[in-house]
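Colleague: Hi! Could you walk me through this one in plain words?
Modeller: Happy to, let's look at it together.

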There are 2 protein chains.
Amino acid sequence: MAPKTDESTELKIKEAARKVFHSKGFAGAKTRDIAEEAGINLALLNYYFRSKQKLFEIIMLESMQQFMHSMSGVFNDMDSSFEEKLELIAERYLKLFSQEPDLPIFMLTELRQGQGAEVIKHINLRSILLESYFVKQYADLQAEGKIGPMPFLQFVLNLMSFCVFPFMAAPIIKHIGGLKDAEFTAMVEERKRLIPIWVQSMLRAD
Amino acid sequence: MAPKTDESTELKIKEAARKVFHSKGFAGAKTRDIAEEAGINLALLNYYFRSKQKLFEIIMLESMQQFMHSMSGVFNDMDSSFEEKLELIAERYLKLFSQEPDLPIFMLTELRQGQGAEVIKHINLRSILLESYFVKQYADLQAEGKIGPMPFLQFVLNLMSFCVFPFMAAPIIKHIGGLKDAEFTAMVEERKRLIPIWVQSMLRAD
DNA sequence: AAGAGATTTAATCAAATGATTAAATTTTGG
DNA sequence: CCAAAATTTAATCATTTGATTAAATCTCTT
């Protein structure tokens with residue numbers, strides 16, 4: 001059944017590893033869980049990826065790229081206005097995290113601890129963000145006095161937190177609000193519309 | 001040296017457990033690490049707390065109480081205005097997380113996974129929040145038309161995310177912004193002042 | 001179809017880890 | 001000061017877990 005170069009097995013393992021790592025974290029993920037999730041034997045996992053650590057680094061890197069891929073296209077689009085970009089960013093991130101709700105807390109946890117700390121250096125996150133067309137548009141609007149003096153870093157931080165935090169705090173939010181899954185989804189949908197409005201009002205505040 | 005009921009040893013262990021659990025999470029924390037951090041033998045840890053799980057539940061509960069203790073006093077203070085409460089909340093939370101930067105991501109991670117999921121039920125987080133004087137002040141301002149129709153849950157979510165997210169994302173923020181610790185602290189200080197202003201502007205936006 | 005190479009598996013190893021036990025040491029009450 | 005109780009330790013156990021190995025099975029070329 002398996003062809004000479006079996007990419008389907010490699011993909012199955014990676015997919016399983018992504019699921020387990022995202023939901024349990026590096027320390028909580030067991031290689032046997034990943035193998036079982038992939039429907040293969042433990043030895044095969046090491047045959048393909050050599051070690052848990054190596055497999056993790058691949059998943060971590062791809063997760064971060066997934067994270068940034070949603071972003072970079074919008075950030076450097078020359079045809080959309082600053083306001084339109086706000087809408088696109090909220091739209092895309094909330095959609096991504098609706099599909100991958102464990103992604104934000106996984107990445108922030110692993111970046112904070114030892115595991116993922118190395119990966120961040122292999123990605124030019126800094127330049128992708130700070131040399132984007134989005135930054136130029138932001139600076140221009142500030143120069144024209146159309147938005148306030150909020151530093152760009154604070155602005156991005158606030159925008160990201162609006163998008164990311166609801167998913168990280170989902171269990172508490174559902175508990176406090178007494179929300180069922182559908183109601184939580186509705187709240188997220190409402191935020192797609194509101195986040196751009198909120199951000200704009202903040203930018204004019206101080 | 002040790003008195004009949006040695007509370008100092010018990011406290012030493014709990015303090016060590018708090019440190020290790022907060023920085024590594026339940027799965028990443030090793031009982032031997034905790035014992036070493038406390039300067040005692042592994043067996044003594046089990047003598048006092050019976051098991052890693054039991055010790056964790058104590059730490060988890062106390063962490064959550066610490067989290068809410070900062071809050072509940074402000075939320076039900078009859079003498080401060082809504083605007084003053086915004087300032088107090090930003091002030092207190094940013095101060096707390098400056099001292100305990102691992103607290104937010106620890107709690108959200110463990111609440112999301114199996115470990116802490118039980119603890120949330122033992123705490124009336126929902127009623128503490130939704131039956132507070134803060135909610136009444138919010139509703140009154142809405143009734144008077146002084147703030148917009150933003151649902152209270154979205155409002156609290158936004159306020160919390162402003163306070164919590166910078167600490168969860170600290171490694172990325174420092175990397176992107178090229179910030180040293182002192183500069184990060186300065187940014188947090190600036191947010192103490194700005195968060196109330198931002199929130200007020202959002203409340204008038206939609 | 002045969003055999004070489006690739007893929008997959010069952011069995012096993014070694015280290016890490018949570019927990020226990022029995023003995024040693026210290027503290028307390030008489 | 002002595003003995004009982006409490007505290008602390010070193011040694012050990014059993015399970016989990018990451019990884020390896022040798023054999024079996026499958027695929028593809030000729």
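**Two helices in chain B**

Modeller: This is a predicted model. Let's start with helix H5 (residues 82-99) of chain B and helix H12 (residues 181-203) of chain B, which pack at an angle of about 145° with their axes 9 Å apart.

Colleague: Is the crossing of H5(B) and H12(B) right-handed or left-handed?
Modeller: H5(B) and H12(B) cross in a right-handed way. H5(B) brings residues including B:Leu86, B:Ala90 and B:Leu94 to the contact, while H12(B) brings, among others, B:Val188, B:Ile195 and B:Val199.

Colleague: How many nonpolar, polar and charged residues does that contact have?
Modeller: The contact of H5(B) with H12(B) has nine nonpolar residues, two polar and six charged.

Colleague: New topic! Which residues have the most contacts inside the largest nonpolar core?
Modeller: Those are A:Phe21, A:Phe155, B:Phe21 and B:Phe155, in a core of 149 residues.

Colleague: And what is A:Phe21 in contact with, leaving aside its neighbours within four places in sequence?
Modeller: Its partners include A:Phe26, A:Ile34, A:Leu55 and A:Phe106, and A:Lys52 is one of them too.

Colleague: What about A:Arg50, where is that?
Modeller: A:Arg50 sits in the loop between helix H3 (42-49) and helix H4 (52-75) of chain A. Its phi is near 75°, a positive value in a residue other than glycine.

Colleague: Is A:Arg50 buried or exposed, and why?
Modeller: A:Arg50 counts as exposed because its relative accessible area is 67%, and the cut-off for exposed is over 50%.

Colleague: Last one: which domains does the assignment give for chain A?
Modeller: Domain 1 (1-50) and domain 2 (61-203). Their C-alpha centres lie 30 Å apart.

Conventions:
Residues numbered from 1 in each chain as written. Chains lettered and ligands numbered in written order. Predicted model: local features only at pLDDT ≥ 70, side-chain atom pairs only at ≥ 80, totals over all residues. Heavy atoms only, no water. Core = buried A, V, L, I, M, F, W, Y, C linked by side-chain atoms within 4.5 Å. Buried < 20%, exposed > 50% of the residue type's maximum accessible area, 1.4 Å probe, protein only. Contact = heavy atoms within 4.5 Å. Axes fitted to C-alpha atoms, helices over the stretch in contact; angles between N-to-C directions. Helix = DSSP H or I, 4+ residues; strand = E, 2+ residues; numbered from the N terminus. Left-handed = near helix turned anticlockwise from the far one by under 90°. Nonpolar A, V, L, I, M, F, W, Y, C, P; charged D, E, K, R; others polar. Domains from an automatic or database assignment.
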